[in-house]
Amino acid sequence: KSACADCKVLMGGMASATNGLKEFFEPVMKNLGGKYFDIFDYHCYGDKDGWKKCGNLATEIKKTFPGYDFDIWLSETGTLSGAIRNASGEKISKNQTEKDQAESLVKFYIYPLSKDVKKVFWAWGILEGFGEEGDTLFNKTGLIYDGQDLDDLGFGVKKLSYYTYKKMVEALEGSDWDNIETIQEQGGIYVYKFMKEGKPIWVAWNDNDAEKEITIFGINSPSVKITEAVPNYETGKEVMDYNTAFPQKNQSVENGKIKIELKDIPVFVE
């Protein structure tokens, strides 16, 4: 800070969710008096349901340091497609399909962002491969296959999650990230409202086993476009035309509201 008062200083990422917050970061923050850094960073991975833990951890960070003036970044997060295996090739985790990963990717972003996380970084990048030997978690979180390991469909083959990420960026880029409105987080239903260039966009998903009907209110247009966030295929290798890969429909608005039969696949409502 003495060398560059305007530089944004990011604290080394908290990688231990169980004890790192209380045992290490709380005394460090106390000794610093909340000064000298601008961004509190944490890392969080998991299976397809790990997004809940990752978002709730941001809430825990804010509760632990009330009154401190810093942004929160999630600089490492992700979930895999395929399975983790030991050196003998035996599975030591449940298998996750490409569809599991793609559905979860949206949740790994939207849920932490709704908890006031300012930036979320998918690790390790777009192409698979962390550099470890074998079918490890970090080697398989990428959105494009690297040609290695047992679940691989070939170097350069894009997963469903690649197309989902692209669709999410197209839908939400340019939104007012400081004013994400949580509409619902109960009964297994999650609905969030974004504002992009003065127009609302809702992101919603259903965490229940069965479909649920939801109602979205406050729509000031005669119709909406509803787009599922995951291409209608089992693997990304099957996607031949990005523009037609996502189930999409237009729905009329009645009295400023719509009803949607919501499944586990997140949807964008524009």
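**Close-up views of a predicted model**

**View 1. Helices α1 and α2 cross.** The axes of helix α1 (residues 20-32) and α2 come within 12 Å and cross at roughly 45°. Axes are lines fitted to C-alpha atoms, for helices over the stretch in contact, and angles run from 0 to 180 degrees between N-to-C directions. That angle makes α1 oblique to α2. Angles under 35 degrees count as roughly parallel, over 145 as roughly antiparallel, 65 to 115 as roughly perpendicular and the rest as oblique. The crossing of α1 and α2 is right-handed. A crossing is left-handed if the near helix is turned anticlockwise from the far one by less than a right angle, and right-handed if clockwise. Leu21, Lys22 and Glu26 of α1 meet Glu60, Ile61 and Thr64 of α2. Contact means heavy atoms within 4.5 Å.

This is a predicted model: local features need pLDDT of at least 70, side-chain atom pairs count only at pLDDT 80 or more, and totals for chains, interfaces and linings use all residues. Residues are numbered from 1 along each chain as its sequence is written, and side-chain values use heavy atoms, with hydrogens and water left out.

**View 2. Helices α2 and α3 cross.** The axes of α2 (residues 51-64) and α3 come within 8 Å and cross at roughly 20°. That makes α2 roughly parallel to α3. This crossing, too, has a hand: α2 and α3 cross right-handed. On α2, the contact is made by Trp51, Lys52, Cys54, Gly55 and Asn56. On α3, Lys107, Phe108, Tyr111 and Pro112 take part. Helices (H or I, at least four residues) and strands (E, at least two) are DSSP runs, numbered from the N terminus.

**View 3. Three strands form an open sheet with parallel pairing.** The strand order is β1-β2-β3. Two strands pair if DSSP finds at least two bridges between them. β1 (39-45) and β3 (117-122) are the edge strands, each pairing on one side only. The twist averages 20° from one strand to the next. Seven bridges link β1 to β2 (residues 71-78). Tyr42 stands opposite Leu74 in β2. Helix α2 packs on the sheet and touches β1, β2 and β3. The direction of α2 makes about 150° with that of β1. Helix α3 also lies across β1, β2 and β3, running at about 155° to β3.

**View 4. Six strands form an open antiparallel sheet.** Their order is β4-β5-β6-β11-β8-β9. β4 (181-186) and β9 (248-252) stand at the edges with a single partner strand each, so one side of each is left without a neighbour in the sheet. The twist averages 20° from one strand to the next. Eight bridges join β5 (residues 189-196) to β6 (residues 199-206). Lys196 stands opposite Lys199 in β6.

**View 5. The largest nonpolar core has 41 residues.** A nonpolar core is a set of buried Ala, Val, Leu, Ile, Met, Phe, Trp, Tyr and Cys residues joined through side-chain atoms within 4.5 Å. Buried means under 20% relative accessible area, exposed over 50%, partly exposed in between (1.4 Å probe, protein chains only). Phe40, Tyr42, Ile61 and Leu172 have the most contacts inside this core. Helix α3 (residues 98-114) gives the most to the core, with seven residues. Beyond its neighbours within four places in sequence, Leu172 is in contact with Ile110, Trp177, Phe194, Lys196, Ile201, Val203 and Phe268. Another core lies apart, with 15 residues, among them Val224, Ile226, Val253 and Val269.
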